[in-house]
Amino acid sequence: MKPQSQSSTPSYKISCRMSQEAAALERLCQVVRIRGFRIATMAVESAGEHFDITLTLEGTRPIAMLQSQLEKLHTVAEVALGQVSGVRVQTA
């Protein structure tokens, strides 16, 4: 893995509630990846028959596009966009 010397990537927080169903989390992660985002952190809590998920994502594509795609998953009940963290600078 190559360290990055100077790159800036916007960071976003998304909260999501979805049904506990086989492969539901895998589908969520797949949509995030396909839409061009990287998961920096992911916290999952089991709440009855639902998962409450908080994601910190990094990516340069429009976050509204990802939110729209997540809402289309049949297991997703709710998606909320958190506050944008701005630009994150990584150094080697």
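Reader: In which strand is Tyr 12 found?

Author: This is a predicted model. Tyr 12 sits in strand S1, which covers residues 7-19.

Reader: Is Tyr 12 buried or exposed?

Author: Compare relative accessibility with the cut-off; buried means under 20%. Tyr 12 has 11% relative accessibility, so Tyr 12 counts as buried.

Reader: How far apart are Tyr 12 and Leu 81, in sequence and in space?

Author: Read the two separations side by side. Along the sequence, 69 residues separate Tyr 12 from Leu 81. From C-alpha to C-alpha, the gap is 7.8 Å.

Reader: What share of the protein's contacts join residues at least 24 apart?

Author: Take the contacts between residues at least 6 apart in sequence. Of these, 72% link residues at least 24 apart.

Reader: How many helices and strands are there, and in what order do the elements run?

Author: The protein has two helices and five strands. Starting at the N terminus, the order is β-α-β-β-α-β-β.

Reader: How do S2 and S3 run, and how many bridges join them?

Author: Look at direction, then count bridges. Strand S2, residues 38-47, runs antiparallel to S3, and nine bridges join the two.

Reader: What lies between S2 and S3?

Author: A turn of two residues, which makes the pair a hairpin.

Reader: Which residues are buried in H2?

Author: Ile 63, Leu 66, Gln 67 and Leu 70 are buried in H2. Now look down the axis of H2. The buried residues fall within an arc of 100 degrees, so they line one face of the helix.

Reader: Which residues of the largest nonpolar core touch the most other members?

Author: Start with the general idea. Nonpolar side chains tend to be buried together in soluble globular proteins. Here the largest nonpolar core has 19 residues, and Leu 57, Leu 66 and Leu 70 touch the most other members. Elements giving two or more residues to this core are S1, helix H1 (24-34), strand S3 (50-58), helix H2 (63-71) and strand S4 (76-81).

Reader: What does Leu 70 touch, leaving out residues up to four places away in sequence?

Author: With those left out, Leu 70 touches Ile 14, Leu 28, Val 31, Val 76 and Val 79.

Reader: What are the totals for burial and surface?

Author: The protein has 92 residues, and 27% of them are buried. Its accessible surface is about 5900 Å². Carbon and sulfur atoms account for 50% of that surface.

Key. Residues numbered from 1 in each chain as written. Predicted model: local features only at pLDDT ≥ 70, side-chain atom pairs only at ≥ 80, totals over all residues. Heavy atoms only, no water. Helix = DSSP H or I, 4+ residues; strand = E, 2+ residues; numbered from the N terminus. Buried < 20%, exposed > 50% of the residue type's maximum accessible area, 1.4 Å probe, protein only. Core = buried A, V, L, I, M, F, W, Y, C linked by side-chain atoms within 4.5 Å. Contact = heavy atoms within 4.5 Å. Areas by Shrake-Rupley, 256 points an atom, 1.4 Å probe, with all protein chains shown as cover. Pairing = 2+ DSSP bridges. Arc of directions from axis to C-beta.
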